[in-house]
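Here is a friendly walk through a two-chain model, written for someone who likes to know the cut-offs behind each word. Please keep the structure open while you read.

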Amino acid sequence: MSLLLLLEQTLNGIQFGVFLFMISAGLTLVLGIMNVVNLAHGSFYMLGAYYAATIMAWTGSFILALVIMLPAMLITGIVVEVLVLRTMYERDHMDQVLATFGLILFFNEAVRMIWGAESMPMDIPAFLSGHVDFIPDAPYPIFRIAIIIAGLLVAALLYVMITRSRTGMLIRAGASNRPMVGALGVNIRMLYMVVFGMGAVLAGFSGLMAGPILSVEPGMGEDMLILAFVVIVIGGIGSIRGAVVASIIVGIFETVGRSILPALLTQLMSSDAAQSMGPAMSSMLIYIFMAAVLFFRPEGLFPARTG
Amino acid sequence: MMSRAKILCLLIGFLVLVAIPPATTALDADFYMGLAARMMIFAIAAVSLDLLLGYGGMVSFGHAAYLGTGSYAVAILAFYGITDGFLQFAVAVGASALVALIIGFICLRTKGVYFIMITLALTQMLYFLGISLEEYGGDDGINTDRSEFFEWFDLGDDTNLYYLILFFLVLSLWISWRLINSRFGMVIRGSQSNDDRMQAIGFPTFRYKLTMFVIAGVICGVAGFLLANLTEFVTPEYMHWFRSGEIMIMVLVGGMGTLFGPVFGAIAYLLFEEVISDFTEHWMIIFGPILVLLVLFARKGVWGMLPGRERGDD
């Protein structure tokens, strides 16, 4: 295991973590503020990728795909909120889980019917292709760097919006006492709709960024959804700061663990045993980490109520 | 007391289940016997999940974990040439108890949304574990033979397997009935409506709930044991979270917090899937919205819509 490879894997881990953050951010806000479990959040990620891939196939322009996809996701999110989620706020979590599970089935099948069951090609845009040599002798794809930068920008933007803007203040207030904010004359329905739509846009955006490097296919959102749940549990529900830290941790564990753990195990035991144990162990790594975090901090690393 | 309509339904249902093997043999329609066996296996799983959802207020989104554990116990032992059914059964029960104990111990420290997400995540971990175990087939799954009960019982015969499944369905219903009406069950139900109050009057509810969690896991593990025998094939798909969702849907469709509801829910769901998938392979696009509507408007489930008490001991 060379240091260079380790460095490259760490960068990949951060880049994967940034993905996870963009998906988890919307989910954790919706959970923290509206107290709604939205399993269909992974579907937004999938739809974002499909919208973008389709527009790119038509026009060939990545920028155009981005510009059209974002409002399209906002509309999709708002339609879903108005039709289904709005009726679920007062229901218990079990109902929310089942209803949004129904949405997943619907979206997956709809995508399969419209775009087919095979994965859809999506190219890295020309202006972001190529490699950069910022570490000597280790060319790193520009697109992956772009993902990291985009994710950090999103995180910074969200942070400023939530802590500094009026909307952010209302969002925080709505999270801690919903009836009180409503009584003070804030249109809480509108607020919820905006937050939900924003979550959908974020998920769609990460779908767009994921399209060229992962495959665009039906059901691509599910694995991401589970990982996003892990991120939220570790970071603490409703906490953006927690989501940032937890997604980077999970991202690094997922990628670095997968490449290092088998090598580490070969040092400890026979290579045959390590060959079969390695993948199994590394796929369990983040869940074991999650269980450990829960054991010591059942509310997550950064419980939202305290900041 | 149950209403007359419900008793009638149960009686007819039971008689139909008993009559299916001779009837399908006479009509030369073995497929339907397999379908009915499958329905009963998922009915067992749904009944055990309802112990958690409907009586314990524990929204477990990872019940497929035990279905997988039970079936992998059969397949892995058979892989090493151990086909003794008694031993396989014991290992299936022991392994699912252990898995439920560990998952329950972690999850029951949390509440609400956390509980849902963690049961989901830990089950998905088992799914990925199943995929990464190349020795046992990885994501292709692994073929297995029926368990052997030697001179006691010939499980190779489909009819025998069918009646064994029916026996376990009745047994799990009986156990559930005894459980929810016992003092133990009352504590669980009390903690569903107000956990803090139960603790305040001196019940260590964590231990009670963990015990219930393990019992439900074991019953579902038995369903997994039966499933592996029925399909003679085990795959990580049994542990996929879609499977957990399906079992949950069966409970909802049948009627949460009722003893017999989940049985009818499992039958209704698998029947619906069977019928509608003949018409279109895209049946999910119809079922998805139906599920949303069911959640919105039909929370009582099929069983709850029959005349009789709102919910409770039946």
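This is a predicted model: local features need pLDDT of at least 70, side-chain atom pairs count only at pLDDT 80 or more; totals for chains, interfaces and linings use all residues.

Helices (H or I, at least four residues) and strands (E, at least two) are DSSP runs, numbered from the N terminus. Residues are numbered from 1 along each chain as its sequence is written, and chains are lettered from A and ligands numbered from 1 in the order in which they are written.

**B:Met117 and the contact between the chains**

Is B:Met117 buried or exposed? A residue is buried if 20 or more other C-beta atoms lie within 10 Å of its own, exposed if 12 or fewer, and partly exposed in between, with C-beta atoms placed from the backbone. B:Met117 has 27 C-beta neighbours inside 10 Å, so it counts as buried. Two residues are in contact if their C-beta atoms, placed from the backbone, lie within 7 Å. Leaving out residues up to four places away in sequence, B:Met117 touches A:Phe229, A:Ile232 and A:Val233. From B:Met117 to B:Pro307 there are 190 residues in sequence and 36 Å in space, C-alpha to C-alpha.

The contact between the chains takes 35 residues from chain A and 37 residues from chain B. On the side of chain A that touches chain B, the elements giving two or more residues are helix H4 (93-115), helix H9 (220-235) and helix H11 (271-296) of chain A. H4(A) gives the most to this side, with 15 residues. By class, this side of chain A has 27 nonpolar, six polar and two charged residues. Here Ala, Val, Leu, Ile, Met, Phe, Trp, Tyr, Cys and Pro count as nonpolar, Asp, Glu, Lys and Arg as charged, and the others, Gly among them, as polar.

**Helix H1 of chain A and its surroundings**

The expected span of a helix is 1.5 Å times one less than its number of residues. Helix H1 of chain A (residues 3-34) has 32 residues and should therefore span 46 Å, and its end C-alpha atoms, 45 Å apart, agree with this. H1(A) also bends by about 30° at A:Ser24; the bend at a residue is the angle between axes fitted to the seven residues ending there and the seven starting there. Of the 32 residues in H1(A), 24 are buried, which leaves the helix mostly covered.

A:Ser24 turns up again where H1(A) meets H9(A): A:Leu20, A:Ile23, A:Ser24, A:Leu27, A:Thr28 and A:Leu31 in H1(A) meet A:Met224, A:Leu227, A:Ala228, A:Val231, A:Ile232 and A:Gly235 in H9(A). These residues divide into nine nonpolar, three polar and no charged.

**Two helix pairs side by side**

Axes are lines fitted to C-alpha atoms, for helices over the stretch in contact, and angles run from 0 to 180 degrees between N-to-C directions. A crossing is left-handed if the near helix is turned anticlockwise from the far one by less than a right angle, and right-handed if clockwise.

| Helix pair | Axes come within | Crossing angle | Handedness |
|---|---|---|---|
| H1(A) and H9(A) | 9 Å | roughly 65° | right-handed |
| H3(B) and H5(B) | 9 Å | roughly 35° | left-handed |

In the chain B pair, B:Ala64, B:Ala65 and B:Gly68 in H3(B) meet B:Thr123, B:Leu126 and B:Gly130 in H5(B). The residues of this contact are three nonpolar, three polar and no charged.

**Loop residues with positive phi**

Which residue takes a positive phi just after H1(A)? That is A:Asn35, with a phi of about 60°. A:Asn35 is found in the loop between H1 and helix H2 (41-59) of chain A, and is partly exposed because 17 other C-beta atoms lie within 10 Å. In chain B, B:Glu232 has a positive phi of about 50° although it is not a glycine. B:Glu232 is in the loop between helix H9 (205-231) and strand E2 (233-234) of chain B, and its 13 other C-beta atoms within 10 Å make it partly exposed.

A:Ile188 lies in helix H8 (residues 188-210) of chain A and is buried, with 20 other C-beta atoms within 10 Å. Not counting residues up to four places away in sequence, A:Ile188 touches A:Gly174, A:Arg178, A:Val181 and A:Gly182.
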